[in-house]
Amino acid sequence: MNARAFSTLGCPGATLDEVIRSAHTAGVGSVELRCAPGELIAPDSTPRQTRALAGALASAGLRPVCLASYVRLAGDGDQLGPLAAVLRRAAETGAPYVRVFCGGSGPVASQRERAVRTLAGAVPEARSAGVGILLETHDSFLTGELVAATLEAVGSPDTGAVWDVVNPWRAGEPVARTAESLTPWVRHVQLKDVAAPDDLRPVLPGHGAVPLGEALDALARIGYRGALSLEWERAWYPDAAPLDEALAAFVRVLDSHLPPG
């Protein structure tokens with residue numbers, strides 16, 4: 001059974017008590033923690049802070065399923081240092097994965113080369129921390145094919161993929177092809193809905209243009225057992241509906257396709 005989760009991107013600046021209340025209200029047992037300044041966890045959080053967060057989540061019956069970092073594998077400058085820091089934060093919090101982006105500029109081939117080099121360089125730290133590094137279908141690596149090719153070049157079980165269902169779809173990659181490409185790699189899935197491929201304003205899950213049912217069916221076919229996480233982008237779209245409203249719609253979509261979580 002897939003764990004049901006939500007990203008704290010949907011409640012920027014929320015307190016821990018507010019996050020716990022939202023989870024309990026929706027009947028969701030896991031949380032994807034945005035790792036950024038001003039949030040419950042940041043790259044410079046101390047071990048004492050992160051372990052206290054882990055204890056509070058455990059006491060509330062919530063499991064951290066991913067630490068959503070903003071490390072850019074193909075970005076300028078040193079990326080290994082920041083990645084090592086968030087891997088340590090994930091280990092202290094008990095999150096099994098850290099999300100990263102490609103995040104580069106220039107030709108895709110050169111971005112992929114830099115991303116492969118950074119990922120390969122971070123594998124020993126990931127292995128030591130017991131935390132996997134997950135490359136998201138995002139920015140210039142929108143499709144499952146591009147993400148899978150990058151991960152195949154690294155060839156490490158300590159790496160994997162986050163399938164953000166909107167991005168391959170808006171890039172024109174069929175859902176079945178994304179699923180096929182990511183089958184060996186997908187460890188975490190972010191679900192959301194938007195108005196159109198060229199209009200990324202958040203829409204309540206099940207009320208927009210994203211083929212969420214098709215994606216859930218594809219995940220079932222490939223035997224995916226990881227978390228299904230609502231990524232409600234209220235941090236970027238403050239006029240979007242409150243997280244609790246989006247979570248209720250998210251649960252309804254899952255209930256219509258999957259056994260209750």
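Colleague: To how many disulfides does the count come, if a disulfide is a pair of cysteine sulfur atoms within 2.5 Å?

Modeller: This is a predicted model, in which local features need pLDDT of at least 70 and side-chain atom pairs count only at pLDDT 80 or more, while totals for chains, interfaces and linings use all residues. Residues are numbered from 1 along each chain as its sequence is written, and side-chain values use heavy atoms, with hydrogens and water left out. By the rule you state, the number of disulfides is zero.

Colleague: Which cysteine has the sulfur nearest to that of Cys11?

Modeller: Cys11 takes part in no disulfide. A distance of 15 Å separates its sulfur from the nearest cysteine sulfur, which belongs to Cys35.

Colleague: Is Cys11 buried or exposed?

Modeller: Buried means under 20% relative accessible area, exposed over 50%, and partly exposed in between, with a 1.4 Å probe and protein chains only. The relative accessible area of Cys11 is 14%, and therefore Cys11 counts as buried.

Colleague: How far from Cys102 is the nearest cysteine sulfur?

Modeller: Cys102 is likewise in no disulfide. The nearest cysteine sulfur is that of Cys66, and the distance to it is 17 Å.

Colleague: What is the relative accessibility of Cys102?

Modeller: Cys102 counts as buried. The reason is its relative accessibility, which is 0%.

Notes
A disulfide is a pair of cysteine sulfur atoms within 2.5 Å.
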